[in-house]
Amino acid sequence: MLSREFVLSFREAAPYINAFRGKTFVLAVNGETVAAGRVPGLAQDINLLASLGARIVLVHGARPQIEKLAAHSALKQTFHRARRVTDPATMDVVRQAVGATRYEIEAALSMSMPNSPMQGAHLRIGSGNFLTAQPLGVIDGVDMLYTGHVRKIDNYGIRHRLEAGELVLISSIGYSPTGEAFNLTMEEVATQTAIALRAEKLIFFIGGDSVITRGGEVVSTLDTGEVDAALSAGGLSEEATAYLPCAVRATREGVARVHLVSRDEDGALLTELFTDYGSGTMVARDPLVRIRTATIEDVGDLIGLIAPLEAQGILVKRSREALEMEIGQYSLLEHDGRICGCVAMHAFPESGMAELACLAVSAERRDAGFGEMMLQYVENQARRRGIQRLFVLTTQTAHWFVERGFVAAPLTELPMERQECYNFQRRSKVFIKTL
């Protein structure tokens, strides 16, 4: 017998697999992820992503590796505005640390992965002088020396390697036209690269205790306005504080989505990308949830959404023809471009009433508060049209509506035209809410 759980999971992932094929993902892997030994496990997921047709750019940092080598060499480290002042001796340490970290990542990505889902996979790795850097210069009277920032990204060169089927690996060292090397931050390089490539996603890997939570639950989505508010409020981890401004900048400059994913949870990357509920925090420029009026092109999706509830007897069955004729009275809730809910409002203006009907939320999103959002949306629509009372007919969800201000009422309270088409076999209960 087929595993139902496997079938459902595979079907859930299928739209994402189709959507991600040929798209560019920039993965920002900091030195902490490498130091924690997470790269070999992550390499399996990266190989899987590549095998599904995603184009991967991996940008890595080496901050803890630099710290360790500097301490071993008894080099005094100076920081200004949270940036390392890179003198010539420190730059030598940076080269060593970045080179060793790059070697470790390349080794993990080159494994044949026996006894794993990616056994026999071979991922070609491309690299080059894709970064042009320039010095930060003197800041507040402090000469930052060989600490620099990104001047230019060779997006043509990177795209050429990606089109050849290679994973592009970029280190956090950039070179100036005069041949000097500069120490850059991983987050800046990753952000600038994602912007230059118009990447579909920029993904930062952070410590498990750094994932953004509220009340003990992971915050799954934020828009840029919410990020700004969270940063102003403070209390975030050091990694989240460093990466969230990069997420805001990237999304405002053309990157579709930015994700903060735990490096400590095995498979967190795949869960974040290929499930509706995700595992980390996704940042988008605009709110991910919107409610809009349905169009005739939405009828197929609408039928797919309500059919399971019709089969359970929760919703009355509606024919395609009826839906097409009344489609303008339906509204759809979209989450990140996918239809997750619907609701209809049938107005009876002469009676000052409107019916809320066909309220449905997809099974995997019923704990997301979407039903509440659609109810509020219909109430606002009714008020704008001068409707004083909203009514609903239900057989199995009476308590949900009562908890939201609806009161049981006799059938005679409904508009006469609605009374005339009442289904006495279904015996739906009537509830009314005064707006």
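**Basis of the report**

A salt bridge is taken here as a side-chain nitrogen of Lys or Arg within 4 Å of a carboxyl oxygen of Asp or Glu. The model is predicted, with local features requiring pLDDT of at least 70 and side-chain atom pairs pLDDT 80 or more, whereas totals for chains, interfaces and linings use all residues. Residues are numbered from 1 along each chain as its sequence is written, and side-chain values use heavy atoms, with hydrogens and water left out.

**Domains and their interface**

The protein comprises domain 1 (4–284) and domain 2 (289–434), with bounds from an automatic or database domain assignment. Their C-alpha centres are 44 Å apart. Eight residues of domain 1 contact five residues of domain 2 (heavy atoms within 4.5 Å).

About 520 Å² is buried between domain 1 and domain 2, and carbon and sulfur atoms give 36% of this area; buried area is the accessible area (1.4 Å probe) that two parts lose on being put together, summed over both. Between the two domains there are zero salt bridges. Helix H1 (residues 4–20) supplies three residues, the largest share of the side of domain 1 that touches domain 2; helices are DSSP runs (H or I, at least four residues) and strands likewise (E, at least two), numbered from the N terminus.

**Aromatic pairs**

The whole structure contains nine aromatic pairs, defined by ring centres of Phe, Tyr and Trp (its six-membered ring) within 6.5 Å, with planes under 30 degrees apart stacked, over 60 edge-to-face and the rest tilted. One of them, tyrosine 146 with phenylalanine 182, is tilted, at 6.0 Å centre to centre and 40° between the planes. Because tyrosine 146 lies in the loop between strand E8 (142–143) and strand E9 (148–153), and phenylalanine 182 in strand E12 (residues 181–183), the pair ties together parts 36 residues apart in sequence.

**Salt bridges**

The count is 21 salt bridges. Among them, aspartate 92 and arginine 95 meet through their side chains at 3.0 Å, N to O. Both residues lie in helix H5 (residues 88–109), three residues apart, about one turn of the helix.
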